[in-house]
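Here is a protein model to read. The questions below take its sheet and then a pocket.

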Amino acid sequence: MLRPTASLSDALSLLVQAEVSSVPIVDENDSLLDIYSRSDITALAKDRTYAQFSLDEMSVQQALQLGQDVNSPRGFFSGLRCQMCLRSDPLHKVMERLANPGVRRLVIVEAGSKRVEGIISLSDVFRFLLGVKA
């Protein structure tokens, strides 16, 4: 997890070192605000935005704001970028959410506080159903 003020360099390092495709962006209580993913990097690279800034000077929040389409209804911290579930949600409910177009992962949060507990992806569900250990 990272804070919105973390540098883009820190986010990229975490993605690579942890071998994950996304990192939850959280507030000081570890409550979910947004998510930074490899697709956000691709959006910056496509527009060559990264070339205009130092990765150590740009925050994750700034990077997400730059990567947004101006016409997009999604804003930083709107929650629309982050699909969530609870640890207690049944598997069929998780699978229904993951079946929605564009949903690649669900952030597992604590009820009420939205405190991040983990992330589950479609490949995690498939590995579980097939009995394959990660």
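Q: In what order do the three strands of the open sheet lie?
A: This is a predicted model, where local features need pLDDT of at least 70, side-chain atom pairs count only at pLDDT 80 or more, and totals for chains, interfaces and linings use all residues. Residues are numbered from 1 along each chain as its sequence is written, and side-chain values use heavy atoms, without hydrogens or water. Strands are DSSP runs (E, at least two residues; helices are H or I, at least four), numbered from the N terminus. The pairing is mixed, and the order is S3-S4-S5.

Q: Which strands are the edge strands?
A: Two strands pair if DSSP finds at least two bridges between them. An edge strand pairs on one side only. That describes S3 (84-86) and S5.

Q: Which residue in S5 stands opposite Ile 108?
A: S4 (residues 105-109) and S5 run antiparallel, joined by five bridges. Opposite Ile 108 stands Gly 118.

Q: What is the volume of the second largest pocket?
A: On a 1 Å grid over the protein atoms alone, a pocket is an open set of points where a 1.4 Å probe fits, with protein on both sides within 12 Å along at least five of seven lines. Points are joined across faces, edges and corners, and volume is the space filled by probe spheres set on them. Here that gives about 210 Å³.

Q: Which residues lie closest to the centre of the second largest pocket?
A: Lining residues have an atom within 4 Å of a point. Of the 13 lining residues, the closest to the centre are Val 20, Ser 21, Ser 22, Val 23 and Ile 119.
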